[in-house]
Amino acid sequence: MAKASLMTVAIMTICLWSLISFALAADKFNVVGKVYCDTCRVEFETKLSEPIPGAWVKLECRKVRDEVVTLSREAVTNATGEYNIPVEGEHEEQICEVRVEKSPSADCNEKMEAWEKAQVELSSQDGLADPTRTANNLGFRKKEAPPGCVQVLKEMGFPLIG
């Protein structure tokens, strides 16, 4: 009988430790995403789109009721245009958005309204088990589209005038 009780206590201890570990980890998130250059000026990615290394992005969370900013973090994209923003804390009932701030590229630095920001959920109460939260891609528009864009858009099935 003592062996069974000891086994039960051991199993309960392991289960309790797992729950505590999960609860502590549940409030740690990792926001990831990518910033690209819209070379064809069409506000979506094509095979000519390029990642932007060194672009600045900003993550902000605001309370829904009064829009008070509760979290603000900045990051810079790596060589492949990707960013990674670690976040601690529960942000349920808040609106969290990543937005592009600045492009280091002089010929690709026009913000695009549709791709300037992306909303992310930073709550363990949202049903997502993975703490990594992937934001939609963000981007800047090139000042002038290269000649190859016409062919790329035709290949994608877009009818072009002229």
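Let me begin with a term: a residue is called buried when its relative accessible area is under 20%, exposed when that area is over 50%, and partly exposed in between, using a 1.4 Å probe and the protein chains only. Please keep in mind that this is a predicted model, in which local features need pLDDT of at least 70, side-chain atom pairs count only at pLDDT 80 or more, and totals for chains, interfaces and linings use all residues. Residues are numbered from 1 along each chain as its sequence is written, and side-chain values use heavy atoms, with hydrogens and water left out.

Buried residues account for 30% of the 162 residues in the protein. With helices (H or I, at least four residues) and strands (E, at least two) taken as DSSP runs numbered from the N terminus, the protein has two helices and ten strands, and along the sequence these are arranged as α-β-β-β-β-β-β-β-β-β-β-α.

Now to the disulfides, where a disulfide is a pair of cysteine sulfur atoms within 2.5 Å. How many disulfides does this rule give? The count is three, and with bonded cysteines counted along the chain they follow the pattern 1-5, 2-6, 3-4.

Cys40 is bonded to Cys149, with 2.0 Å from S to S. This pair links distant parts of the chain, since Cys40 sits in the loop between E1 and strand E2 (50-51) while Cys149 belongs to helix H2 (residues 148-155), 109 residues apart. Cys40 counts as buried because its relative accessibility is 6%, and Cys149 counts as buried because its value is 4%. The torsion about their S-S bond is about -90°, so this disulfide is left-handed.

Cys37 is joined to Cys108 at 2.1 Å from S to S, a link between strand E1 (residues 28-38) and strand E7 (residues 108-111) that spans 71 residues. Both of these cysteines are buried, and the link is right-handed, with 115° about the S-S bond.

Finally, Cys61 pairs with Cys96, connecting strand E3 to strand E6, and both cysteines are buried.

Those two strands, E3 (56-63) and E6 (94-102), each also supply at least two residues of the lining of the largest cavity. Which residues line the largest cavity? They are Lys58, Glu60, Arg62, Glu97, Arg99 and Glu101.

Methods: On a 1 Å grid over the protein atoms alone, a cavity is a set of points where a 1.4 Å probe fits but cannot get out, and a pocket is an open set with protein on both sides within 12 Å along at least five of seven lines; lining residues have an atom within 4 Å of a point.
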